[in-house]
Amino acid sequence: MTKMISGKKVSRRTFVVGSVAASGGLALGFNAPFGFDEAVAQSGGAEVNAWVVIRPNDTVVIRIARSEMGQGTLTGLAQLVVEELECDWKKVTPERITPGMNLARKRVWGDMSTGGSRGIRTSEDYVRRAGAAARIMLLQAAAEQWKVPVGELTVLNGVITHAASRRTTSYGKVAAAAAKLTAPDPKSIKLKDPKSWTIAGKPLKRLDTADKLNGSKVYAIDVKLPGMLCAAVKDCPVYGGKLKSYDESKISGRPGVKKVVRVKDTAVAVVADTWWRAKSALDALPIEWDEGAGATASSATIAAHLKEGLTADGNNGEIVKGDAKAAIAGAAKKIEAVYSTPFLAHACMEPMNATVRISADKAEVWVPSQNFEASLASLSEASGVPLDKCEAHRVDLGGGFGRRGGTQDYVQQAAVIGKEFPGVPIKMIWSREEDFAHDFYRPISQCAMSAGLDEQGNLVGLHVRSSGQSINAWLNPSAIRGGKDARQLQGWWEEPGDAQLGYDVPNKLIEYVMRNTHVPVGPWRGVNTNQNGYYMEAFIEECARASGKDSLEFRRAMMKNFPKHLAVLNAAAEKGDWGKPLPQGVHRGIAQFMGYGSYSAATAEVSVSPDGKVKVHRMVLALNCGHVVSPDQIAAQVEGSVVYGLSAAFYGECPVEKGRMTSLNFDTYQVMRIAEMPKVETVLVPTFDFWGGVGEPTICVVTPAVMNAIHAATGKPVRSLPLKHVKLV
Amino acid sequence: MARLNINGRTRDVQVEADTPLLWVIREQVGLTGTKYGCGVAQCGACSVHINGEVMRSCSIRVGDVKATDKIVTIEGLSANSSHPVQKAWLALDVPQCGYCQSGQIMAAVALLKKTPKPTDADIDAAMTNICRCGTYQRIRAAVHMAAGNGSRSADRADRRS
């Protein structure tokens with residue numbers, strides 16, 4: 001057993017502040033990058049340090065803190081540890097640590113939250129140092145055993161050799177002795193040059209594929225516990241509304257039904273012996289809602305609210321250089337446009353669910369979570385059981401995309417229901433309809449843009465004014481300072497390094513105007529780089545066409561001071577055959593943008609049929625994410641970002657009527673299927689001088705590249721999404 | 001009460017006749033590889049084979065299934081994940097989150113049974129299951145690989161030997 005430190009008091013506030021970590025800072029209370037403990041791990045091997053456990057048979061257990069939701073971080077983190085550890089990759093087995101373990105050991109594994117494309121880039125340093133420290137200790141243990149200088153030893157694939165005496169041993173044989181040694185100072189460790197990597201940086205197979213092929217993988221929705229009951233839940237369909245009453249008598253006597261539970265002020269749940277019986281009974285339960293003020297809202301009223309923001313006074317964040325309005329007013333040529341994008345749902349394939357077992361002195365949850373520490377905190381808060389008596393069991397997620405991060409609303413619901421059944425496991429599953437009705441949606445916005453070109457067709461003035469809902473206003477109001485909310489300007493920022501606009505414009509005014517609604521909003525794969533990348537790059541395309549210049553050359557002329565942006569754009573253009581002939585009827589588009597510390601660009605080849613049907617034939621995406629850890633998994637993320645991005649661009653929207661969502665399943669919330677999948681080519685151009693994200697960066701160029709190709713095909717810009725409502729011919 | 005033949009075994013279950021087969025498979029029978037994704041036959045995560053045909057089990061009432069109907073779920077597809085489709089999925093690291101992949105594999109197996117050498121158009125027509133992670137490109141390559149359509153998937157296979 002892992003040594004547990006019990007009775008540790010951590011205030012919930014401290015814990016959540018640390019674990020939500022929207023700012024990307026390392027968690028509070030996490031001092032050492034890794035800690036050392038002589039405890040023997042659950043797996044029965046020797047814990048050389050918190051990240052590395054080695055069994056006598058040379059199996060190496062690599063501890064993983066971040067969530068795995070398909071993005072491949074589990075394998076990538078193991079590659080980074082093993083690169084420095086120099087054990088045999090074939091003998092590696094990952095172990096997912098729980099937030100209870102992390103809490104009990106003073107957060108030795110650091111931040112567990114998995115969002116913002118941070119899984120690799122904010123862990124890489126301390127996991128590599130942990131691997132290196134373990135290697136140093138294992139070699140030291142062998143040197144002491146053989147009484148030879150450690151410098152005379154070499155190691156390959158976990159086999160230690162002393163050439164002079166022709167002796168060999170293995171990590172498994174010296175691990176117990178190594179675990180007793182004093183760990184080296186992490187700062188003293190010299191990490192390998194990434195260009196010499198042999199495990200990291202290579203297209204190794206994922207460690208977690210096998211059980212996804214035969215039905216044996218257990219997601220949270222599959223958890224089975226002795227005596228378990230199931231719950232179906234329905235929250236007020238209008239946001240901000242409340243549960244007024246329900247008529248339990250109408251479902252009494254239905255098979256399997258145990259209880260009807262009021263869940264906080266807004267929801268009702270039916271608990272039964274199976275989920276289908278619970279769900280059927282809930283469907284039959286007469287419920288009255290107090291729908292509240294939100295019930296008068298509709299897509300039309302929300303659109304009018306946003307539109308007003310486009311011309312109102314003032315703003316909630318701005319980036320200013322020169323005098324954009326004057327430059328545009330005096331320009332030889334003016335271009336103006338208004339763009340818009342809708343609310344979008346995450347629609348993870350595994351619907352929201354949580355299984356809890358709560359008694360007076362213990363609470364447990366099994367939940368798909370991008371932030372297991374937030375799950376633990378939510379469980380503790382809703383159950384009233386102290387944090388150190390709670391545990392959130394690790395399961396991998398059936399998709400995440402930003403939905404399963406800090407909010408953990410479903411854990412709170414399950415805990416309220418579970419408290420009614422002390423000691424009895426309760427599995428709460430949302431129907432797909434509930435999942436679409438109670439998301440934290442990608443924010444809706446409209447964006448008015450104007451630009452001025454000089455006589456030579458150069459962009460001399462640019463005014464961007466985006467009016468829309470703020471994620472921070474809903475989830476993290478303290479991040480809004482003095483009424484300014486810079487997060488909504490993501491991708492347009494001047495500061496280098498994270499999401500910087502890659503164009504020099506002599507006069508620019510980029511504004512965000514906050515227009516909130518009653519609809520909950522939150523991060524959605526790529527977050528604000530989605531809308532902002534589409535608005536900027538589709539409008540730059542309009543400017544390029546107005547200038548009469550080539551779309552690529554028009555951009556390049558503004559990018560001399562942005563060499564990394566430019567290099568990625570050039571890579572996409574070259575591999576995407578920019579300027580080369582295309583089959584008749586096929587047209588090309590291009591876009592570049594930055595997010596999550598990485599640089600992305602794309603080309604798209606598209607045809608539009610005489611009846612206006614769009615076919616995307618091929619996309620080439622270039623990415624500089626600094627370092628490449630798992631090239632094949634990066635390609636998978638790029639391919640996935642095309643699907644997630646184009647599903648939204650072609651079909652995605654969550655219309656609002658009478659204050660509630662009306663698109664509640666995949667029959668109306670259409671998504672892309674295999675027949676629409678273009679050929680996707682991923683071009684990695686790492687520069688090895690920074691660490692950028694992977695899961696999210698490329699999505700922001702997918703939509704504008706395709707829309708710009710449609711613009712090329714039809715001669716008209718696409719200014720409003722989804723495309724299904726746009727008449728192209 | 002219903003009698004079902006699932007993966008070659010007879011199962012008697014106590015359940016209302018209007019219960020979807022999906023939930024009987026998951027809750028009464030206890031095989032959870034078959035997934036709930038939409039409940040309205042849109043996403044295909046619940047795909048199983050009934051007498052060799054791929055069907056969306058969320059939209060079939062258990063009362064409409066005969067005791068003689070042969071139901072095969074992902075768990076019954078092969079011993080040791082040895083079906084050529086499963087092998088191709090492994091070789092190309094198709095899954096990301098994996099949640100939809102039981103259904104994708106069942107759809108691919110059914111396609112290859114009818115059309116051993118499918119074209120891209122055949123795949124487009126038969127493989128309508130939703131994957132939100134976006135594994136479609138690899139699914140297409142893996143179907144071709146399982147079919148032995150060598151050259152179509154050669155690029156990708158070579159890259160990851």
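1. The centres of domain 1 of chain A and domain 3 of chain A, taken over C-alpha atoms, are separated by 38 Å, with domain bounds that come from an automatic or database domain assignment. This is a predicted model, in which local features need pLDDT of at least 70 and side-chain atom pairs count only at pLDDT 80 or more, while totals for chains, interfaces and linings use all residues. Residues are numbered from 1 along each chain as its sequence is written, and chains are lettered from A and ligands numbered from 1 in the order in which they are written.

2. Chain A is divided into domain 1 (12-212), domain 2 (220-292 + 352-429) and domain 3 (299-344 + 441-725). In domain 1 of chain A, 21 residues are in contact with 22 residues of domain 3 of chain A, contact being counted if the C-beta atoms of two residues, placed from the backbone, lie within 7 Å.

3. An open sheet of four strands in chain A has the order S1-S2-S3-S4, with mixed pairing; strands (E, at least two residues) and helices (H or I, at least four) are DSSP runs, numbered from the N terminus, and two strands pair if DSSP finds at least two bridges between them. The edge strands, S1 (46-49) and S4 (92-96) of chain A, each pair on one side only.

4. Strand S2 (residues 52-54) of chain A and strand S3 (residues 60-64) of chain A pair in the antiparallel sense over three bridges, and A:Ile54 has A:Val60 in S3(A) as its bridge partner.
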